[in-house]
Structure formats: C-alpha cells, structure tokens
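Please look over the sequence and the model before reading on.

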Amino acid sequence: MQGPPPQLTGDLAYRIVVKASDMKAHPELRDLAEKPAINYWLGPSAHVVCYLLRSGDLYNIVLICPDDQRIDAAQADLQGMRAIFKEWDPKLRILLGLVQESSRWRLQDSEEMGTWVRGKFALLGDACHASLPYLAQGAALAIEDGAVLGQLLSVDGLNIPTTLSTYEGIRKARTTRIVKGSAALRDIFHLPDGREQRERDKDFSSEPFEGYPNRWADPVFQPWLFGYDVQKEVDKALSALNTDCDDVRASAGASA
C-alpha cells in the first residue's frame with residue numbers, strides 16, 4: 001500500500017521559540033507576551049503565526065515563506081530570515097530580533113491515497129493524510145483517527161478487516177475535507193497586494209460568515225471542525241453496519 005511520492009509546495013517553514021520574559025523587556029511586545037491569543041501577520045507569499053506556550057513562559061513563532069533551499073531541512077540563517085520580513089510590521093521585526101536560533105523545513109504535499117486499509121493492516125495520521133500546516137490540524141486528525149480505531153477495536157464480535165474498513169469509512173471524507181481546506185488557506189494567506197487582498201482584508205474586519213477567510217471563526221466550518229464527536233460517529237457507523245447485516249440475514253431467510 002503506497003501512495004504517490006510527496007511534492008514540494010514552494011514554501012518552507014521556520015519554527016522558533018523565544019522566551020516571553022525577553023519579549024516583556026520591549027514595550028511593543030508586552031501585549032503579545034501577556035495576552036493569550038493566536039496572532040497572525042499576512043503578506044505576499046508569506047505569513048507568520050504566533051502563540052504562547054508552557055503557561056505563558058514561551059512564545060512559539062512559525063514563519064511560512066517561499067522555499068529557496070535545496071535540502072529538506074537546515075539550520076536557519078537568521079540574517080536571511082529577518083531580511084525576508086524587513087518591510088513588515090515593526091512589531092514583528094522586533095520580535096524576530098529576539099530569535100537566537102531556528103531551523104527551517106521545506107513543506108511537501110501528497111496526493112490523497114485511494115485507501116488506507118489492506119486486510120488486517122491500516123494507516124492513520126500523516127501516514128495516510130498528511131496535512132499542510134495552514135489549518136494546524138495534522139496532530140488533531142491523528143488523535144481523532146486513534147480514538148475512532150480504539151472505539152471500534154473495543155467492540156465485541158467485530159472482526160479486524162470489518163473494523164478497519166469501518167474506520168476508514170468513518171474518517172476518510174472528514175480528513176479529505178480538512179486536508180484540502182488547509183491547502184486552500186495558503187492561497188488566502190499569501191495573496192499579493194491588490195484587489196483580492198483588499199477584499200480579503202475587508203472580510204476579516206466584518207462579522208464572520210460562512211466561507212469567512214479566517215476558517216477558525218467561520219460560524220459553519222468552526223463547529224464542524226472542533227465539534228467532532230468520536231463516539232457519535234462510531235455509534236452511527238455501527239448502527240448502519242448492524243442494519244446492513246440484518247438486511248442480509250432477512251434476504252437470506254426470504255430466499256430460503
């Protein structure tokens with residue numbers, strides 16, 4: 001069971017952690033270090049996302065920008081990193097001035113696999129539905145996969161092939177929608193300056209609506225994304241499975 005090889009997206013990611021205490025020494029950064037929030041900067045071909053970690057002691061920074069390296073992972077040249085954002089918000093430039101080290105990774109994407117299951121073997125998480133980071137759901141999807149599998153494996157009388165095919169049936173449509181939605185955010189976040197960018201920014205300042213460019217605030221997509229109920233989905237699938245079995249038994253009895 002093997003899918004197509006991953007393809008380069010043209011983006012790479014810097015992953016950085018700085019001390020919140022260092023940020024608080026700069027008045028311009030104090031609100032970022034003291035108020036828990038997810039903060040974004042969007043610009044042509046790049047964006048930045050930041051948030052507090054470890055009870056507010058650390059500040060996580062992810063920079064996504066065009067890929068200009070020839071190996072998949074490397075230590076970052078900090079001067080080169082800062083040069084990419086030299087025309088951006090002064091607050092962001094001060095923040096990047098605190099960075100002492102960083103690595104950077106090329107982002108790769110994979111085509112959807114036709115199936116995750118073969119007999120008594122199944123894949124989960126990034127092994128079968130690797131997601132780009134724009135929606136930040138890769139780890140959550142793997143946890144959901146594991147929870148569904150765990151629930152199904154605890155069902156008495158359900159053989160392994162049926163368990164695994166049911167698992168895929170529960171999960172595949174959801175993971176496909178999230179993976180595709182994450183990839184689509186790249187185009188929204190990285191718009192060049194111009195009419196579409198101004199329309200996006202205008203939408204950001206409006207009341208959230210279905211299709212809102214900030215998908216985490218979309219009043220339809222957000223509840224669907226964060227309100228996933230593993231037990232409910234498993235129960236629904238098992239109910240359908242039992243109905244199918246009853247129909248088969250009824251059909252066999254009628255034939256007899």
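Where is the place of alanine 136? Alanine 136 sits in the loop between helix H5 (126–129) and helix H6 (138–153).

## Basis of the report

This is a predicted model, in which local features need pLDDT of at least 70 and side-chain atom pairs count only at pLDDT 80 or more, while totals for chains, interfaces and linings use all residues. Residues are numbered from 1 along each chain as its sequence is written, and side-chain values use heavy atoms, with hydrogens and water left out.

Helices (H or I, at least four residues) and strands (E, at least two) are DSSP runs, numbered from the N terminus. A residue is called buried under 20% relative accessible area, exposed over 50%, and partly exposed in between (1.4 Å probe, protein chains only).

## Loop residues with positive phi

Most residues other than glycine have a negative phi. Alanine 136, although not a glycine, has a positive phi of about 60 degrees. With a relative accessible area of 56%, alanine 136 is exposed.

Serine 45 is not a glycine either, and has a positive phi of about 65 degrees. This serine lies in the loop between S2 and S3. Its relative accessibility of 38% makes serine 45 partly exposed.

## Strand S3 and its neighbours

Strand S3 spans residues 46–53, and 6 of its 8 residues are buried. S3 pairs with S2 in the antiparallel sense over 5 bridges; two strands are taken to pair if DSSP finds at least two bridges between them. Within this pairing, valine 49 of S3 is the bridge partner of tyrosine 40. The hairpin of S2 and S3 has 2 residues between the strands.

On the S4 side, 7 bridges join S3 to S4, and these strands also run antiparallel. Leucine 53 stands opposite leucine 58 in S4. The hairpin of S3 and S4 has 4 residues between the strands, and arginine 54 in its turn has a positive phi of about 50 degrees.

## A nonpolar surface patch

Which residues form a nonpolar patch on the surface? They are Ile38, Tyr40 and Tyr51, with about 280 Å² of accessible area together. Such patches are made of residues with over 30% relative accessible area and no salt bridge; like charges are joined within 9 Å, and nonpolar side chains (Val, Leu, Ile, Met, Phe, Trp, Tyr) within 5 Å. Accessible areas come from the Shrake-Rupley method with a 1.4 Å probe, and for residues only the protein chains shown count as cover.

Tyrosine 51 belongs to strand S3. It is partly exposed, with a relative accessible area of 30%.

## The buried face of helix H4

Helix H4 covers residues 90–97, and Leu92, Leu95 and Leu96 in it are buried. Seen down the axis of H4, the buried residues fall within an arc of 95 degrees, so they line one face of the helix. The arc is that of the directions from the helix axis to the C-beta atoms. An α-helix has 3.6 residues a turn, so residues three or four places apart point the same way.

The cover over the buried residues of H4 includes strand S1 (7–19), strand S4 (58–66) and helix H3 (78–84).

## Alanine 76

Alanine 76 is placed in the loop between strand S5 (73–75) and H3. At a relative accessible area of 16%, alanine 76 is buried. Not counting residues up to four places away in sequence, alanine 76 touches Tyr14, Ser102, Ser103 and Arg104; contact here means heavy atoms within 4.5 Å.

## Salt bridges

How many salt bridges does a search of the whole structure find? The search finds 13, a salt bridge being a side-chain nitrogen of Lys or Arg within 4 Å of a carboxyl oxygen of Asp or Glu. One of them joins aspartate 11 and arginine 186, whose closest N and O atoms are 2.7 Å apart. This pair links distant parts of the chain, with aspartate 11 in strand S1 and arginine 186 in helix H7 (residues 160–189), 175 residues apart. Aspartate 11 is buried, at 2% relative accessible area, whereas arginine 186 is partly exposed at 25%.

Arginine 171 forms a salt bridge with glutamate 144, the closest N and O atoms lying 2.9 Å apart. Arginine 171 is in helix H7 and glutamate 144 in helix H6, so the pair ties together parts that are 27 residues apart in sequence. Both arginine 171 and glutamate 144 are buried. A network of salt bridges links Glu144, Asp145, Arg171 and Arg174.
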